[in-house]
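Hi everyone, thanks for making time.

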Amino acid sequence: MKILHTADWHLGHQLHGHDRRFEHDAFLDWLTDTLKARQIDALLVAGDLFDTANPPASAWQQLYRFLARLRAEMPNLDMVLIGGNHDSPSKLDAPHELLRAFDLHLVGSISRDKDGQLETDRLLVPLHDNEGKVAAWCAAVPFLRSSDLRVEPLAEGRDRLIEGVRQIYAEVLAEGRKRCEQDQALIAMGHAYLAAGQLSELSERRVLGGNQHALPADIFTGADYTALGHLHLAQRPAEGVHYSGSPLPLSLTETGYRHQVLEVTLEAGQLAAVEAIPVPRSVEMIRLPLGSLDEALAAIDALELPDRPQEAQPFLEVRLLLPKPEARIRERILAALAGKPVRLARINTQYQGSGQGLADGRERRRLDELSPTEVFRLCYQRQFEGEPEVGLVASFEEILEQVKEAGA
């Protein structure tokens with residue numbers, strides 16, 4: 001059987017204030033055509049369907065229109081979607097009964113019975129081959145928040161969050177393995193940050209408690225293939241464990257990266273092949289070389305671009321390296337761009353010199369380029385000598401995660 005693994009769509013995303021609906025529509029159209037052309041049997045979407053916990057109505061319409069189209073055009077396609085750390089668990093779960101009537105599986109959160117036992121039935125989804133036979137079982141585990149975890153007191157040196165996640169996956173995968181008959185594969189699906197995972201600069205929100213809570217890949221032991229979401233760059237952190245990456249660039253730093261989805265082939269219950277399918281980019285991104293304002297203005301003047309509708313015009317990042325602040329920078333850049341079919345996404349200004357405060361000892365950095373943990377570390381270094389202790393950073397990140405959960 002053939003499975004298509006994708007993740008991190010971030011419907012409703014805006015790039016520095018610019019709407020991405022045109023790009024998402026183009027991707028979903030391409031994905032539909034790809035699923036049909038390659039005769040895919042099951043679609044797995046591993047979290048972060050939306051960019052925020054409260055996406056605009058247009059983003060919900062995009063998702064539902066896509067699912068309805070697939071169900072009409074590919075009635076035998078299995079579809080399994082899970083929530084990520086950007087998604088609202090309750091909002092994803094709200095239409096569960098309605099979607100299940102159309103054999104669509106959208107899992108926003110885990111649930112427990114009145115005795116506190118994990119309800120695994122809704123997390124285990126049978127996947128059918130082109131003959132309609134069950135060829136695999138998918139253990140669809142959404143992003144796990146700290147409130148989802150149930151762990152007994154641990155021995156010193158063992159992490160509560162990691163062990164809590166491990167317990168849930170162990171239980172779901174064990175039940176999934178029980179349901180697998182001969183020649184049926186077991187697919188693990190999740191949204192998590194694995195140890196040694198490569199982050200995309202500026203576009204990812206670390207999950208759980210940060211680097212010290214990165215999950216080990218052996219959590220998925222027993223699965224024949226693990227389909228993950230969260231990291232926006234496609235990668236394989238362990239044998240049989242894959243991040244598909246996001247289909248669209250979510251940061252200007254991903255300009256030169258080719259995004260993709262993964263086609264997974266299973267034969268006789270075993271992983272046979274994984275093929276990367278490049279996603280065509282419907283909107284170009286242009287990053288000017290780092291330089292002076294005069295150099296940037298000259299580069300803008302040299303831009304030769306074809307006319308396009310506004311929603312299809314390239315995004316532009318102007319990168320400046322200046323000895324000191326200059327007046328009217330934005331005004332001069334906008335004047336140079338007048339009449340050119342391009343959208344100014346960002347003016348990234350850096351200054352020469354040693355820098356102080358939140359300069360990290362190299363160059364002044366914008367606050368939106370720093371994670372909350374980096375800001376905490378730099379403020380600590382400014383106030384006190386040396387780095388904060390690991391335990392103090394861990395406590396800060398746990399409080400930060402609780403604040404995020406309260407706002408989800």
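Predicted model: local features only at pLDDT ≥ 70, side-chain atom pairs only at ≥ 80, totals over all residues.

Let's begin with the rings. A pair of aromatic rings is described by two things, the distance of the centres and the angle of the planes. How many aromatic pairs does a search of the whole structure find? The search finds seven. One of them joins Trp9 and Phe66, with 5.5 Å from centre to centre and 85 degrees between the planes, an edge-to-face arrangement. Trp9 sits in the loop between β1 and β2, while Phe66 belongs to helix α2, so this pair ties together parts that are 57 residues apart in sequence. Are these two residues buried or exposed? Both Trp9 and Phe66 are buried.

For another geometry, look at Phe376 and Phe396. Their ring centres are 4.4 Å apart and their planes are at 15 degrees, so this pair is stacked; planes under 30 degrees apart count that way. Phe376 is in helix α8 and Phe396 is in helix α9, so the pair ties together parts that are 20 residues apart in sequence. Phe396 is partly exposed, and its relative accessible area is 23%.

Back to Trp9 and Phe66 for a moment: ring pairs link them with Phe27 and Trp30 into a cluster.

Phe66 brings us to its helix, α2, which covers residues 57-73. This helix has 17 residues and reaches 24 Å from its first C-alpha to its last, close to the 24 Å expected. Which residues of α2 are buried? Among them are Trp60, Leu63, Phe66, Leu67 and Leu70.

Finally, please find Leu316, in strand β16, which spans residues 315-322. Its relative accessibility is 0%, so Leu316 counts as buried. Leaving aside residues up to four places away in sequence, Leu316 touches several others, including Ile286, Leu288, Leu337, Val342 and Leu344. Leu316 and Leu252 are 64 residues apart in sequence, and their C-alpha atoms are 8.6 Å apart in space.

That's my tour, and I'm happy to go back to any part of it.

Terms used
Residues numbered from 1 in each chain as written. Heavy atoms only, no water. Phe/Tyr/Trp six-rings, centres within 6.5 Å; stacked < 30°, edge-to-face > 60°. Helix = DSSP H or I, 4+ residues; strand = E, 2+ residues; numbered from the N terminus. Buried < 20%, exposed > 50% of the residue type's maximum accessible area, 1.4 Å probe, protein only. Contact = heavy atoms within 4.5 Å. Expected span 1.5 Å × (residues − 1).
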